[in-house]
Amino acid sequence: MQITGNTMLITGGGSGIGRALAEAFHQLGNTVIIAGRRQQALDEVTAANPGIIPVVLDVNDAHAIHEVVGHLVQTYPALNVLVNNAGVMRAESVHDLPGMLRVAEETVTTNLLGPIRLTNALLGHFHQQAQQDPHHRAAILNVTSGLAFVPRADTPTYSATKAALHSYTEGLRALLRGTTTQVIELIPPLTATELTPGQSANPRALPLEAYIRETMALLQSQPDATEIIIERVKFQRYAEREHRYDEAFRTINP
């Protein structure tokens, strides 16, 4: 992947990992468009980072995805990178079965259908770019989680959607083999963001700045990488391969 010179759409760019990625790529000279549901959060990012472009988008809304992507490719025809980062993580309880189902359905829509819909909405544009210039490069970056490989029991659907997104990413990469579109998976560990209330203060969480610094360094040093696996997340990513899955599961779910 080219680390600079891109025009990028980053979902969930108003906070957390999405915002930090947007700021890092923007500082490298990329044109960065951030998408999110909350105008206020987007405005805070753009005020702090003049030049980042905000767009309101609810990734749960299939019609909105179609409309917004259509507008973006007309306005920014050089758009060549999609970062599927938007996601929700909520605890589930078998003591609240109606609530548990509602959370599960919302999580699947945001974390799995959202990236799939956005990817499909932009692939035609990426193919058109390649037809116009065979040397043109595009990329799709899907943000999964260490929980895709060793799940948390209190967030089973979140963990399952990240596992599904990992699988989708693998399949999509194979489908796009031989094209000019690269597919990369970013695999964060527990990171100090407000993905869940209070998570940013969790002493076990990796500081956000450390995650972004290592991730950007790997993207730069490994331009052909299929997965960006920082040191902290190898405990989960390689648990099954290294025959210590049960140990890892007990550690995450004491």
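Buried, as used in these legends, means under 20% relative accessible area, and contact means heavy atoms within 4.5 Å. The model shown is predicted.

Figure 1. Seen here are 7 strands, which form an open sheet in the order β3-β2-β1-β4-β5-β6-β7 with parallel pairing. The edges are β3 (53-56) and β7 (227-228), each of which pairs on one side only. Strand β2, residues 31-36, pairs with β3 in the parallel sense over 4 bridges, and Ala35 stands opposite Val55 of β3. In the UniProt record, an unreviewed entry, the annotation "domain: Ketoreductase" covers residues 6-193. That span is 49% helix and 16% strand, and its end C-alpha atoms lie 26 Å apart.

**Figure 2. Strand β6 and its partner β5.** Strands β5 and β6 run parallel and are joined by 6 bridges; Asn142 has Glu185 in β6 as its bridge partner. Because 6 of the 6 residues of β6 are buried, this strand is largely enclosed by the rest of the structure.

Figure 3. Helix α5 (residues 156-175) lies across β5 (138-143), β6 (181-186) and β7, and runs at about 155° to β6. Its 20 residues reach 28 Å from the first C-alpha to the last, close to the 28 Å expected at 1.5 Å a residue. The buried residues of α5 include Thr157, Tyr158, Ser159, Lys162, Leu165, His166 and Leu172. Among the elements that cover the buried residues of α5 are α4 (97-132), β5, β6, β7 and α7 (234-237).

**Figure 4. Helix α4 and its kink.** Helix α4 contains 36 residues, which at 1.5 Å a residue should span 52 Å; the end C-alpha atoms are 52 Å apart, in agreement with that value. A kink of about 40° is located at Leu113 in α4, shortly before the proline Pro115.

**Figure 5. The surroundings of Val59.** Val59 is situated in the loop between β3 and α3 (62-75). Because its relative accessibility is 8%, Val59 counts as buried. With residues up to four places away in sequence not counted, Val59 touches Thr11, Ile65, Ala86, Thr109, Thr110, Gly114, Arg117 and Leu118. Val59 and Gly87 are 28 residues apart along the chain, and their C-alpha atoms are separated by 9.1 Å.

**Figure 6. The surroundings of Ile52.** Neighbours within four places in sequence aside, Ile52 is in contact with Ala22, Glu23, His26, Val32, Ile34, Val45 and Thr46. The C-alpha atoms of Ile52 and Ile33 are separated by 6.0 Å, although the two residues are 19 residues apart along the chain.

**Figure 7. Thr215 in helix α6.** Helix α6, residues 208-221, contains Thr215. Thr215 counts as buried because its relative accessibility is 0%. Apart from neighbours within four places in sequence, Thr215 is in contact with Leu186, Ile228 and Ile230.

Note on methods. Residues numbered from 1 in each chain as written. Predicted model: local features only at pLDDT ≥ 70, side-chain atom pairs only at ≥ 80, totals over all residues. Heavy atoms only, no water. UniProt positions renumbered as here; feature names shortened; annotations may be inferred. Helix = DSSP H or I, 4+ residues; strand = E, 2+ residues; numbered from the N terminus. Pairing = 2+ DSSP bridges. Axes fitted to C-alpha atoms, helices over the stretch in contact; angles between N-to-C directions. Expected span 1.5 Å × (residues − 1). Buried < 20%, exposed > 50% of the residue type's maximum accessible area, 1.4 Å probe, protein only. Bend = angle between axes of the 7 residues up to and from the residue.
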